[in-house]
Amino acid sequence: MYNRFEYERAQSAEEASAKLLEGEGDGETMVIAGGTALVIMLKEKILTPKRLVDISQIADLRGVSYDDARGLSIGSMVTHLEVENSPIVARNYPSLREAFHTIGNVRVRTVGTIGGNLAYAEPQCNPPTILAALGASVHLTGPNGGRVVPAEDFIKGIFESALEPGEIIVSVTIPPPQPFSACSFFKFTQKSETDKPTSVVAVYIRSDQEKRKALEVRLVVGAVGPRTYRCSKAEDLVKRCDDLARLDRAKVAQVASEEFEVMDDLYGPAWYKKCVTDSIIRDALKATVDSLGRESA
Amino acid sequence: MSHQIALRVNGRRHRLEIDANLTLLELIRDRLDLKGTKEVCGIGECGACTVIKDGKPVSACCELAIRADGSEIETIERLARSGEIHPLQKAFIDNSAFQCGFCTSGMIMMGKTLIDASEQAKDLTEAEVRNYMSGNLCRCTGYQQIVDAIRRAHREIAEKKKQQPVMTVVA
């Protein structure tokens, strides 16, 4: 049995935000979304809130929608399994589907939500990395109204997100897929594929019509250090390459390795994570170029 | 502060007064005295406490009971009907898919959600079963018998459905 707390169900994100602020400063009011991580923290007495505000049933936070002009919008309380099983996602963002298919076991995916995952800001997980690679935005509401944070800037450190006091995640949006673009997600685990990752890498490339030259590149590494890292020097190297089929992937991976922090954790020592990441960066580059339609050597 | 909740467990309606920190597992085992659902790891990783909530598998040890208000819960006790065990239970026995039995009710409830959600026309592959069941741990059997039992039960249920005539409503 663990500590006692009060429980309330919020009817809207604004109401939840107001309740959070009432308890602000003492850390005694917390939001519960899917609860997959939070309930364990309560049981272990790592967190001891006096009040939980449940936002999981707020209808405005629950849908997945798509239109060709604005792209994909996922409500923050959409579960991992709903993202994985969404036909819209499967059709337009196969790499997103892949990343969500391997978050924890089926029971975790049944209950856990995209917004809860981001707010929890645990380094060893899939969503922040794939969302950053797809150019996603995180939409928030709070005491000062709404604001939008790029997914690549959302995770600030270990269990630290960009959320300010009283803010709630409303949705995550992803721009519509562009012609001549591809994205790949690679995850390395020590045990089953749904285990927490040793390293995750996502690569997005948009090229010219000949699929030779990259016009836009996002190379993102996660699960190795405290946050998600976009490797801009490595991206520049990809953009400077004249023929993607002949991209020097080893060089790109080497340049990228200077752009992220690596730390020891339960999923491997730092030196090991570095080796694994080097390897899956090369794999992800190859897979992305190949899915553009340029078979790389 | 205690809360009133109403839910159905194995088809029976219950109204209960609970504290917000009660887990669904504690509700099932201690308040409703249904001991078939087990607690092992207590952190949602082993699957021994798997129950079905509104058709989907959940780790009862990590669910707040208060969030099951208004829902429909199925536990292992629901599976046998009028003295006859469920094909999945029978397949576990026939395949020796357990030794100590502690993980078994979770394995069966998890397996049931896979079978219920799968197409009947196509056999479940070993890879599909292993992937789906990756969050259920067994320290006795080495898993092969469990995987075989789930695949076999899926086939048997599909066969049985095929033999049943489709009901037609005549006005």
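The legends below describe several close-up views of a predicted model.

**View 1. The largest nonpolar core and the residues with the most contacts inside it.** This core has 134 residues, and those with the most contacts inside it are Ile55(A), Leu134(A), Ala202(A), Val203(A) and Val252(A). Helix H11 of chain A, which covers residues 270-292, supplies the largest share of this core, namely seven residues. As general background, nonpolar side chains tend to be buried together in soluble globular proteins. If residues up to four places away in sequence are not counted, Leu134(A) touches Tyr93(A), Leu96(A), Ile174(A), Cys183(A) and Tyr204(A).

View 2. Is Leu219(A) buried or exposed? Leu219(A) counts as buried because 29 other C-beta atoms lie within 10 Å, where 20 or more are required. Leaving aside neighbours within four places in sequence, Leu219(A) is in contact with Val203(A), Cys231(A), Ala234(A), Glu235(A) and Ala256(A).

**View 3. The contact between domain 2 and domain 3 of chain A.** The domain assignment of chain A gives domain 1 as 6-54, domain 2 as 59-174 and domain 3 as 181-292. Taken over C-alpha atoms, the centres of domain 2 and domain 3 of chain A are separated by 20 Å, and the contact takes 22 residues from domain 2 and 23 residues from domain 3. On the side of domain 2 that touches domain 3, the elements giving two or more residues are helix H5 (94-101), helix H8 (127-133) and strand S8 (155-157) of chain A, and the largest share, five residues, comes from H8(A). The residues on this side of domain 2 divide into 10 nonpolar, nine polar and three charged.

**View 4. The contact between chain B and chain A.** Here 20 residues of chain B are in contact with 21 residues of chain A. Strand S4 of chain B, residues 56-59, gives the most to the side of chain B that touches chain A, with four residues, and by class this side has nine nonpolar, eight polar and three charged residues.

**View 5. Helix H5 of chain B and the helices it packs against.** Helix H5 of chain B, residues 144-163, has 20 residues and reaches 29 Å from its first C-alpha to its last, which is close to the 28 Å expected at 1.5 Å a residue. The buried residues of H5(B), among them Ile146(B), Val147(B), Arg151(B) and His154(B), pack against helix H2 (87-94), helix H3 (104-117) and helix H4 (126-132) of chain B.

Key: Residues numbered from 1 in each chain as written. Chains lettered and ligands numbered in written order. Predicted model: local features only at pLDDT ≥ 70, side-chain atom pairs only at ≥ 80, totals over all residues. Core = buried A, V, L, I, M, F, W, Y, C linked by C-beta atoms within 7 Å. Buried ≥ 20, exposed ≤ 12 C-beta atoms within 10 Å, placed from the backbone. Contact = placed C-beta atoms within 7 Å. Domains from an automatic or database assignment. Nonpolar A, V, L, I, M, F, W, Y, C, P; charged D, E, K, R; others polar. Expected span 1.5 Å × (residues − 1).
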